[in-house]
Amino acid sequence: MLRPRIIPFLLVHQGGLVKTVGFKDPKYVGDPINTVKIFNEKEADELCVVDMDASVNGVEPDYKAIEHMALECRMPLCYGGGVRTVDQAKRIIGLGVEKVSISAAAVERPELVSEIAGEIGRQSVVVVIDAKKKMLGRGWDVVTHNAKRSAKLDAVEFAGQVADLGAGEIVMNSVDQDGRMMGYDLDLARKLRERVRIPMTMLGGAGKLEHLSDLFAACGVVGAAAGSLFVFKGQYRAVLINYPKPAEKEPLFAAAR
């Protein structure tokens, strides 16, 4: 029986892990390798790590750091950041990573999705879409480069396009909800679920476990990714790596049935 997935989503900035609010003001939260080890112990379903500097600065992925993470990680690992070519994606998979995510590169040249899927398999291609609510509240725009550029594309329709081109999974990231810990954008989640039939994951806004069950109740068996929820604790947002125990996960999954 298929079950929802609960996924820590980690941002790398200048070699350390950070958390942002609205894609701004990155706050240092820890060392990537130590954090991976903690999530190993907590038996996370999978892990997604994105280098937020690579695409913005136009640099190659840090293959040495990726290899180190892959060697330490005992759960499925997805890596993103700076991936712009088929050869880069193949090299990352060769380091022991299960999935490669692309974002700005897919916006600039959507056919790259098909090219990468043809080489490493559709199941290993994730497209991360950063979505920002339109000014009048009717739909969501695709934004890139840490939400500094608008692609002038509808986020839900673009998700359908890259799904047709061979993406194996869509991660829809709400810029408006990022780091606010007030819950997922369920309207966006429902629209995405209606548009694509491939696996989907929502990101942005989770601040308590009930927000995950709200997402599962709205969309069924999907992925629930979060950053702040798994690195902060309490009203003062003290840094504490955490993840739900198996007994805590079962009631959340029940909402998807």
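Contact here means heavy atoms within 4.5 Å. The structure is a predicted model.

**Exercise 1.** Determine which residues of helix H3 (residues 63–72) are buried, where they lie around the axis, and what they pack against.

Solution. 
1. Tyr63, Ile66, Met69 and Ala70 of H3 are buried.
2. Viewed down the axis of H3, these buried residues fall within an arc of 125°, so they line one face of the helix.
3. An α-helix has 3.6 residues a turn, so residues three or four places apart point the same way.
4. Lys64 and Leu71, on the other side of H3, are exposed.
5. The buried residues of H3 pack against two helices and two strands: H1 (32–41), H4 (86–94), E4 (47–51) and E5 (77–80).

**Exercise 2.** Describe how helix H8 (residues 186–195) packs with helix H9 (residues 209–219).

Solution. 
1. The angle between H8 and H9 is about 35°, and their axes are 10 Å apart.
2. H8 passes H9 in a right-handed crossing.
3. H8 contributes Leu186, Ala189, Arg190 and Arg193 to the contact, and H9 contributes Asp214, Leu215, Ala218 and Cys219.
4. By class, the contact residues are five nonpolar, three charged and no polar.

How values were computed
Residues numbered from 1 in each chain as written. Predicted model: local features only at pLDDT ≥ 70, side-chain atom pairs only at ≥ 80, totals over all residues. Heavy atoms only, no water. Axes fitted to C-alpha atoms, helices over the stretch in contact; angles between N-to-C directions. Helix = DSSP H or I, 4+ residues; strand = E, 2+ residues; numbered from the N terminus. Left-handed = near helix turned anticlockwise from the far one by under 90°. Nonpolar A, V, L, I, M, F, W, Y, C, P; charged D, E, K, R; others polar. Buried < 20%, exposed > 50% of the residue type's maximum accessible area, 1.4 Å probe, protein only. Arc of directions from axis to C-beta.
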